Amino acid sequence: MGQDLILIGSGGCMREILWQIEERNKEIFTWNILGYVDKQPFVSNGSSAINVGDICCPYLGDDNFLLSRHQKTNVAVSVGEPELRKRIVEKLKKNHWLKFPNLIMSDTRICQDTEMGQGCIISMDCRISTNVILGDFVFLNIASVICHDGRIGDFTTLSPDTKIAGQVRIGSQCEIGMGSKVIQGTAIGDRVTAGAGSVIVKDIQNDCKVAGVPARKIG
């Protein structure tokens, strides 16, 4: 019997996560989706319910629905943008009844010595090698790879098909774009955004935007 779960958000990120949960449940029933919460419902064909495959995910209300809960409730913050994810979590943590489990989807390969905080989402086809540490609310999108001895900070997002070589350090609230690569031993600061397809070959300081091959500071 699966655990009850409420999803936060209604955008494409949430709907992909909903699909991945359905795929996971086909292997072993893990999560019973109660519905989703957002400022406003996602309306399609006159309905506020989100249907993905065989899952019907009804709209439950805005953040106040969760803030007023007085029973243990599992919540997944299904938002890709790091700063927004952080703001949502800080608000919801005011209610101690809310719990933030790690979601591990199907077809992942995760070394048993991986350390992980709370609220992480590890999407399908991800690979995490040995001696890797993930902070809280890290989001690994589809087919991301982290090689040995990696360190990923709180609220950081790796977009689909991101490849992180060994001994890489990535700070908090970073967003590494789709298809990007980071070479071995590189250190990336906090709140760094890397454009899609970037190849990061040297250290990057805090609060930078980079892009290109090799990646250079922009903006």
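Q: Why does F155 count as buried?
A: Its relative accessibility is 9%, and buried means under 20% relative accessible area (exposed is over 50%, partly exposed is in between; 1.4 Å probe, protein chains only). At 9%, F155 is therefore buried.

Q: What kind of model is this, and which pLDDT do local features need?
A: It's a predicted model: local features need pLDDT of at least 70, side-chain atom pairs count only at pLDDT 80 or more, and totals for chains, interfaces and linings use all residues. Residues are numbered from 1 along each chain as its sequence is written, and side-chain values use heavy atoms, with hydrogens and water left out.

Q: What makes the phi of F155 worth a look, and where does F155 lie?
A: Phi is positive at about 65 degrees, although F155 is not a glycine. Most residues other than glycine have a negative phi. F155 lies in the loop between β16 (151-152) and β17; a strand here is a DSSP run of E with at least two residues, a helix is a run of H or I with at least four, and both are numbered from the N terminus.

Q: How do you know which peptide bond joins V213 and P214?
A: Omega is about -5 degrees, and the bond is cis. Most peptide bonds are trans. P214 is in the loop between β25 (209-211) and β26 (216-218).

Q: What is T157 in contact with, leaving aside its neighbours within four places in sequence?
A: Its partners are G80, P82, R85, F139, C174, E175 and I176, where contact means heavy atoms within 4.5 Å. T157 belongs to strand β17 (residues 157-158) and, with a relative accessible area of 3%, is buried.

Q: How many aromatic pairs does the count come to?
A: There are 3, under a rule that pairs rings of Phe, Tyr and Trp (its six-membered ring) if their centres lie within 6.5 Å; planes under 30 degrees apart are stacked, over 60 edge-to-face, and the rest tilted.

Q: Why is the pair of Y36 and Y59 called tilted?
A: The ring centres are 5.3 Å apart and the planes meet at 55 degrees, so the pair is tilted. Y36 sits in strand β2 (residues 31-37) and Y59 in strand β5 (residues 59-61), 23 residues apart. Y36 is buried at 0% relative accessible area, whereas Y59 is partly exposed at 24%.

Q: What makes F100 and F137 edge-to-face?
A: Their planes are at 75 degrees and their centres 5.3 Å apart, so edge-to-face it is. F100 is in the loop between β7 (98-99) and β8 (103-104) and F137 in the loop between β13 (133-134) and β14 (139-140), so the pair ties together parts 37 residues apart in sequence. Both count as buried: F100 at 8% relative accessibility, F137 at 2%. Ring pairs link these two and F155 into a cluster.

Q: How do you know whether the radius of gyration agrees with a compact globule?
A: For 219 residues, such a globule would be near 17 Å, and the protein has 17 Å, so the two agree. The radius is taken over C-alpha atoms, and the rule is 2.2 Å times the number of residues to the power 0.38.
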